[in-house]
Structure formats: structure tokens, C-alpha cells
Amino acid sequence: MDSGISGAYTTRMTVRTRFAPSPTGYLHVGGARTALFNWLFARKHGGVFVLRIEDTDEARNTDDAKQAIFDGMEWLGMDWDEGPGKGGNFGPYFQSERKPIYDAWFQKLVDAGRVYEDGGAWRFRFERKPVTMNDLVCGEVTIDYTDESNTPDMVVKRSDGSYVFHFVNVVDDLEMEITHVIRGEDHLMNTPKHLQLIEAFGCKPPFYAHIPLILNPDGTKMSKRDAGAAVGDYPRQGFLPGAVVNFIALLGWNPKTDEEIFTLGELVERFSLENVNRAPARFDFEKCKWVNQQHLIPMGVEDFAVAARPFVEEAGLPIPENYTAVIAAVKEKVRLLGEVPAAVDFLLKDAFDYDGEAIAKVRGNAAAKDLLASLAESFATLADWSADAAKTALNDVAKAAGAKPGQLMFPLRVALSGRAHGPDLGDILDLLGEERCTERVRKFSQIL
């Protein structure tokens, strides 16, 4: 059987895609990627994106998992046109509320003689012939159903009266007039079964597109425990939703250019199933952080400061009058908003720890102790404080001691911040001011 599916789908068709998660756990990044591809395709073609919940597994479904799906989708900016909270003409959108619909479609199979009882369960009688589908990503795939020993008839209704995934999935797609089923490649071998069901119902199948799996960098299957697996963890770590969408879009899709950073609108404009890869995608959490940083950099200082504030407050750090200027000093140094508190803590409070390696490096400079002591005295006598005035004082102290200014720059950074790296030294001097700089340099010179 040829499914009648080809890549040349008509633009006159009202595109309808769907995301159908099961609320048995948190929203996984793989599920979010499936939702995104469906959402992008619908938006690209001016179509409809449907969210339906496959909640027939009563033993494993939880309200928290349902809410995690809704929260994750909303945080990522993937609004649905039909589904829970939105309504629509094809509801209910929870499978647990659709049993009368399934019963009616099952009766069609009974009337057509395509199901039979087997030990209390009901099996769908496959037609014993090859089934060919033309997948929009994977190309032509054929499964030969001639040999019953390899492809036994499929249970569609359990002995307890409940329906299996394959049956309800097909019925929902037909009932909701889904035109394009975009899902993970792990469902590829299910599709010929679905096509046989659709033919038995006398209906036209949707187009199918099976997208590549997501693997860890080492090629192993990504598990729920791996970093980056749970969408709910991203906002808590300080990722921007647009950056996460950008990153997961690149897990299996390629714009066919060297570009990697896109806004949501640009992704909608550029997305196509033709550019979805066949090979499995490799999930790189460090790359995800880099993508986030590229989205942070163009943010305005005020917006960045506002976005970072909840993380600073949660860390218990004070919010001074010059808070925005303090946060601006690390704007291009951090990859995540969650990294901001650790990057600015020494600017917001005077009690901080010194990095052991940084102190050891300073102590390796025999002249550092005396140079810093002299610099503290020089800072205390400056008439007008500024970063430039402080740097001039540093140059004068070094010159008077027969040293190079560079020999004092690193010790000064460690004295002021307790670490070897961070904001520009001039920003630190300006933000801390004369009194705090003088006291920190004096204190550090005494502990060397």
C-alpha cells in the first residue's frame, strides 16, 4: 500500500499539526523539540497547532506532570491554538475524556470485519501485503506484512476495555484533521501499522515526518537524569526561553548556512522539513550555554539587570542604588543569568572568599605585599576618585619601586575581588569607590 504521502504537500491545505505528550513526568527536551518543530511548521504555513494530552495511563499520570507540560510550553513561547485552556472544534483534548469517540471508531472496525476477539482482547487484522510510506524526512520506507510470524495482528483494545496507543493515536489524528504528524524517529516503525488502520477506516492519512533522535555527546541515548533533559530546569538556571528554543531547533534541523543564532521569528521564517537531518542530533549542554550567552549579549543593560535581579535576590545579596551599573559590569562575562550572583557578589558585599590559586600566584610575586601596602596609602590620599586616577596612582607606585605597572595589576584585582578573573578592573575601581578599594587593598597586603 502506498500511503499517498509525498513531499509536495499543497500550500492550499490548512496545515494542522499537533503535540501529544503523556503527562507521566516532566517535559523532556526531546518532547519540547518535537513540539517546537510542529509549532514552527504550523506557524510557517499559517496553520493550526494543537496540544492534546494522552492521559489514558491513569496509574502514571499526575496533575503535576500536566502542569509541567503547560508551564514548559508557555515558557518556551509555543502557544497552542487548540487544546487545554483554549478549546477548539475537535475536543475534548484529553484522551481520558474521549472514550465515546474511540468506541464509535472501534465499531467501524467491527462492522468491517477487521477486528477479532483473542483472549478477551481485540486484535486488528492486518492485510498481508507490503506497506510503503513516503516520509518527509526519512524518505520511502516499506514494511512487508506478508509474513504473519513477523508482523502479528495488533491488539487495539485490551481485555479491560481500554484502547492501545496505536488505535487512539490514529483516531485522534483523523478526528482532529491533523495534516502533518511530525514526531520522533522512534515512531517510524509504528507508522505502517497506523496506515493500515487509516485505510481500514477509509480515510486519507496525514503526511508523516520522523525527526532524528537526540543523543548525548558520546552517542548514548539521552536519559531523564542527564544535564539539560528537563525543560523545567532551564528557567531556574537562568536560561532565556528564546535561547533554549534557538538551541533545540538546531538539534536535528540545519539552516544550511553558518548561522546559529536566531530569534523565534527568524526560526519560523527559515524552518522547513526539507532541512531536517536524518542523522541523530548530539546534545551539548555547554553549547546550549553558549547560545544563551549570545542572546544575553544584545540585551539592553536595563533589561539585563531586571532579568538578573531575581537571581541576585535569591542569593541573598543586597540591591544597592548602583545595582544596574554593577550588573552591567558582568553582562558579557556570564553565560546564564544564574551565574550573575557569583560574578557580582564581591561588588555587593565586602565579605568574600579569596581564590586559593589566585592568592598563591600573588604570593609568587615577592614585591606584591609592599607594592599593595604602598598603593593603599596612595589611594587614601587621592583628592578626586576615579578609575583613571586610581590607575595613575598604581603607575606611580610601581615606578617609585622600580617595578612595572603590570606587576601590580593582577595583585590589585585579587585584592579587590578575591579572584583572578572578572569585570574590567576600571569598572571595579569605579563601582567600589575610594574607601572600599583602599580598605580592601590594605587588608589584602596584610594577609600576604
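Where is K256 found? In this predicted model, K256 occupies the loop between α7 and α8; the legends below begin with the whole chain and return to this residue.

**Figure 1. Overall form of the predicted model.** The protein contains 17 helices and 11 strands. Its C-alpha trace spans about 100 × 40 × 40 Å along the principal axes. The radius of gyration is 30 Å, whereas a compact globule of 448 residues would have a value near 22 Å. Buried residues account for 50% of the 448 residues. Among contacts with a separation of 6 or more, 74% are between residues 24 or more positions apart.

**Figure 2. The largest nonpolar core and the surroundings of F167.** The largest nonpolar core comprises 144 residues, and F167, F379 and L429 have the most contacts inside it. Helix α1 supplies the largest share of this core, 9 residues. With neighbours within four places in sequence left aside, F167 is in contact with the aromatic residues Y102, W105, F106 and F201, among others.

**Figure 3. Helix α7 and the helices around it.** Helix α7 covers residues 241–249 and is mostly covered, with 7 of its 9 residues buried. The buried positions are A243, V244, V245, N246, F247, I248 and A249. These buried residues pack against five elements: α1 (29–44), α2 (63–76), α6 (233–237), α8 (264–270) and α9 (285–296).

**Figure 4. The packing of α10 with α12.** Helix α10 (residues 301–314) and helix α12 (residues 340–348) pack at an angle of about 85 degrees, and their axes are 10 Å apart. The two helices, α10 and α12, are therefore roughly perpendicular to each other. On the α10 side the contact involves F304, A308, F311 and V312, which meet V340, P341 and L348 of α12. The residues of this contact comprise 7 nonpolar, no polar and no charged.

Figure 5. N275 belongs to the loop between α8 and β11 (281–282). With a relative accessible area of 17%, N275 is buried, because the cut-off for a buried residue is under 20%. Beyond its neighbours within four places in sequence, N275 is in contact with G252, W253, N254, P255 and K256. K256, in the loop between α7 and α8, is by contrast exposed, with a relative accessible area of 54%. The phi of K256 is near 65 degrees, a positive value in a residue other than glycine.

Figure 6. Most residues other than glycine have a negative phi, and most peptide bonds are trans. E177, which is not a glycine, has a positive phi of about 55 degrees. This residue, E177, is placed in the loop between α4 (165–175) and β8 (180–184). G91 and P92 are joined by a cis peptide bond, with omega about 0 degrees. P92 is placed in the loop between α2 and α3 (99–111).

**Figure 7. L136 in its loop, with G238 for reference.** L136 is located in the loop between β5 (130–135) and β6 (139–144). L136 is buried, its relative accessible area being 17%. G238 lies 102 residues from L136 along the chain, and the C-alpha atoms of the two residues are separated by 36 Å.

Technical notes:
Residues numbered from 1 in each chain as written. Predicted model: local features only at pLDDT ≥ 70, side-chain atom pairs only at ≥ 80, totals over all residues. Heavy atoms only, no water. Helix = DSSP H or I, 4+ residues; strand = E, 2+ residues; numbered from the N terminus. Buried < 20%, exposed > 50% of the residue type's maximum accessible area, 1.4 Å probe, protein only. Contact = heavy atoms within 4.5 Å. Axes fitted to C-alpha atoms, helices over the stretch in contact; angles between N-to-C directions. Parallel < 35°, antiparallel > 145°, perpendicular 65-115°, else oblique. Nonpolar A, V, L, I, M, F, W, Y, C, P; charged D, E, K, R; others polar. Core = buried A, V, L, I, M, F, W, Y, C linked by side-chain atoms within 4.5 Å. Rg over C-alpha atoms; globule rule 2.2 N^0.38 Å.
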